[in-house]
Amino acid sequence: MKRTNRRDALRLGAVLGSGLAARGEEPRSLGTPLSAYGERSPFVKPVRTMRQTKTPEAGSSATPLADTYGIITPSSLHYERHHAGVPNIDPARHRLVIHGMVERPLILTMDDIRRLPSVSRIHFLECGGNSGGEWQAKNQPDVQRSYGLASCSEWTGVPLRLLLEEAGVKAGAKWLIAEGADACKMQRSVPLAPELDYALLAYGQNGEPLRPSQGFPLRLLTPGWEGNVQVKWLQRLLVTDQPHMTRDETSKYSDLMPDGKARIFSLPLEAKSVVTFPSGGQTLPGPGLYEVTGLAWTGKGLVTRVELTFDGGASWVEARMDEPRFPRAFVRFRMPWRWDGKPVVMASRATDETGYVQPTREQLVAARGMNSGYHFNGIKLWRVGADGVVTNVEGA
Amino acid sequence: MWKVLSAALLFSVVLGAQSAKYGAGRAPSAEEIRALGPTVGPDGRGLPPGSGTAKQGREVFAARCARCHGDKALGDVGPALVGGKGSLATAKPVKTVGSFWPYATSVWDYVNRAMPFDKPGSLTHSEVYSAVAFLLHLNGIAGETEVMDAKSLARVRMPNRDGFVPDGRPDVKR
């Protein structure tokens, strides 16, 4: 055995006269050395898409949902939504002031905050305007641009409640006015509602300090509520008895109804899901086996069920959800699927622990009209054509 | 309206705890709070001294705002700040300061915090009163020489004051 191999090798070596021939394989060159800060493979290219605007400081960029695995969004790909750019804050100089209707007004350094008992939890964050184009069926071509103002991270911070108890909230207080340290000093009124039991003053994201575009060094995190209220670069919490009716809760992020009235402080995000494979802009190379997958989430606790339809909503089958599931976090769902090459209209539908079932776009429009702009959570239909090309169904 | 919302509050924070458990941080000085700038409630609470009229505001607007919002505030790089009255219940609603915003105090607060977009914090408080007075005048809400200050601004009744209602969800009928 050994002798034969050597004889073969000798023969080959004689013919080619090279080391390659002698071993029957390419010699290997060394890889790159250690690096202080990791980069992804140069073969991996997904990036955030940015909405065209003349004022990119008041813009948004969307997560490439179809290119992420599992439930955690890489911090570099977390969606962004700012109203006055990303400030560059030295954490040593950052302060949080808690004042107003409290027994003990407080000013805290980041060190003061990090010394307090903290927790780490996985939560999604979604812009109240995510998939807003769907209201009027002005659909974007792909899931990134239509659903990508949603991401999910592990956040680390101090429970809001702990710091409010440190300050001693006075009887009669009903609201917090949260203010950021960005150029526009973003302000939102936050009701002292039961959901704040889950709220954090977050300084960590996916194992490292918050990214600047997510509020470094400190943000408010109110899991399950629309992103805008979770004020980034948090520098002030004014405890008070009235909401301030700030621009970003009146002019923006309110839901205009057909009767001309607008719903205000519509903060919780209702159950929502979307199929990310196959999804708009993708092409299936041909019939055969695929794994249909996507993401589901709800601001109301746990996603308890995700169903898929392959006949435009006539019938539904239950998808498998990855475990463990976390409340107010992305849930990854999957189902093996053999495509026979015929056109198909598919979609996902999420149910949450309150029994709420994700509605169709028609049901939402019947309830709220087409001009409410925010908080769209309708079922998203994708059409797979006989050519394998995946496109929008509504508004296509 | 927000009173309806507040009625259901149950947040489990311990009210008025007599002592701090951890003793985190320290008490801020009055100057440290003041340095953060005003916070403005819809009842006018927090509005600082200063005043201005639409007449004065016309100049502030031309010099500091028109570049982005247009000479007549009809919108350009920045959104339209006038018009849209009566459009909210139509198929093409136009939401502006005049047609949509429920409180004039919020206009002061927003312009003071966030405008001019590329240099927020560069106006004096009186220039902000003037710019707001001008926007109210353009929208037919205030006279040209009406003085806007902490008291009068809080008294302004915006056309859409009663246009906001509590969240009605879950609202989908199956």
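In chain B of this predicted model, helix α3(B) meets helix α6(B) through B:A54, B:Q56, B:G57, B:R58, B:V60 and B:F61 on the α3(B) side and B:E127, B:S130, B:A131, B:A133, B:F134, B:L135 and B:H137 on the α6(B) side. Contact here means heavy atoms within 4.5 Å. By class, these residues comprise 7 nonpolar, 4 polar and 2 charged. In this classification Ala, Val, Leu, Ile, Met, Phe, Trp, Tyr, Cys and Pro are nonpolar, Asp, Glu, Lys and Arg are charged, and the others, Gly among them, are polar.

Two packed helices are described by the angle between their axes and the distance between the axes. For α3(B), residues 54-64, and α6(B), the axes come within 7 Å and cross at roughly 100°. The two are therefore roughly perpendicular. Axes are lines fitted to C-alpha atoms, for helices over the stretch in contact, and the angles run from 0 to 180 degrees between N-to-C directions. Angles under 35 degrees count as roughly parallel, over 145 as roughly antiparallel, 65 to 115 as roughly perpendicular and the rest as oblique.

Helix α6(B), residues 125-138, also packs with α5(B), residues 104-114, at about 130° and with the axes 9 Å apart. That angle makes α5(B) oblique to α6(B). Their crossing is right-handed; a crossing is so called if the near helix is turned clockwise from the far one by less than a right angle, and left-handed if anticlockwise. From α5(B), B:A104, B:V107, B:W108, B:V111 and B:N112 take part, facing B:H125, B:V128, B:Y129, B:V132, B:L135 and B:L136 of α6(B). This contact has 9 nonpolar and 2 polar residues, with no charged ones.

Chain B as a whole has 7 helices and 3 strands, in the order α-α-β-α-α-α-α-β-α-β along the sequence. Helices (H or I, at least four residues) and strands (E, at least two) are DSSP runs, numbered from the N terminus. The C-alpha trace of chain B spans about 55 × 55 × 30 Å along its principal axes.

Next comes the interface with chain A. The contact takes 78 residues from chain A and 67 from chain B. About 6200 Å² is buried between the chains, 60% of it from carbon and sulfur atoms. Buried area is the accessible area (1.4 Å probe) that two parts lose on being put together, summed over both. A:I107, A:M245 and A:R247 supply 10% of the area that chain A buries against chain B, more than any other three residues. The interface holds 3 salt bridges, each a side-chain nitrogen of Lys or Arg within 4 Å of a carboxyl oxygen of Asp or Glu. B:R45 forms a salt bridge with A:D241, with the closest N and O atoms 3.1 Å apart.

Some backbone details of chain A remain. Most residues other than glycine have a negative phi, and most peptide bonds are trans. A:M245, not a glycine, has a positive phi of about 55° and is in the loop between β13 (234-240) and α6 (247-250) of chain A. The peptide bond from A:F216 to A:P217 is cis, with omega near 10°. Another cis peptide bond joins A:E323 and A:P324, with omega about -5°.

Residues are numbered from 1 along each chain as its sequence is written, and chains are lettered from A and ligands numbered from 1 in the order in which they are written.

How values were computed. Predicted model: local features only at pLDDT ≥ 70, side-chain atom pairs only at ≥ 80, totals over all residues. Heavy atoms only, no water.
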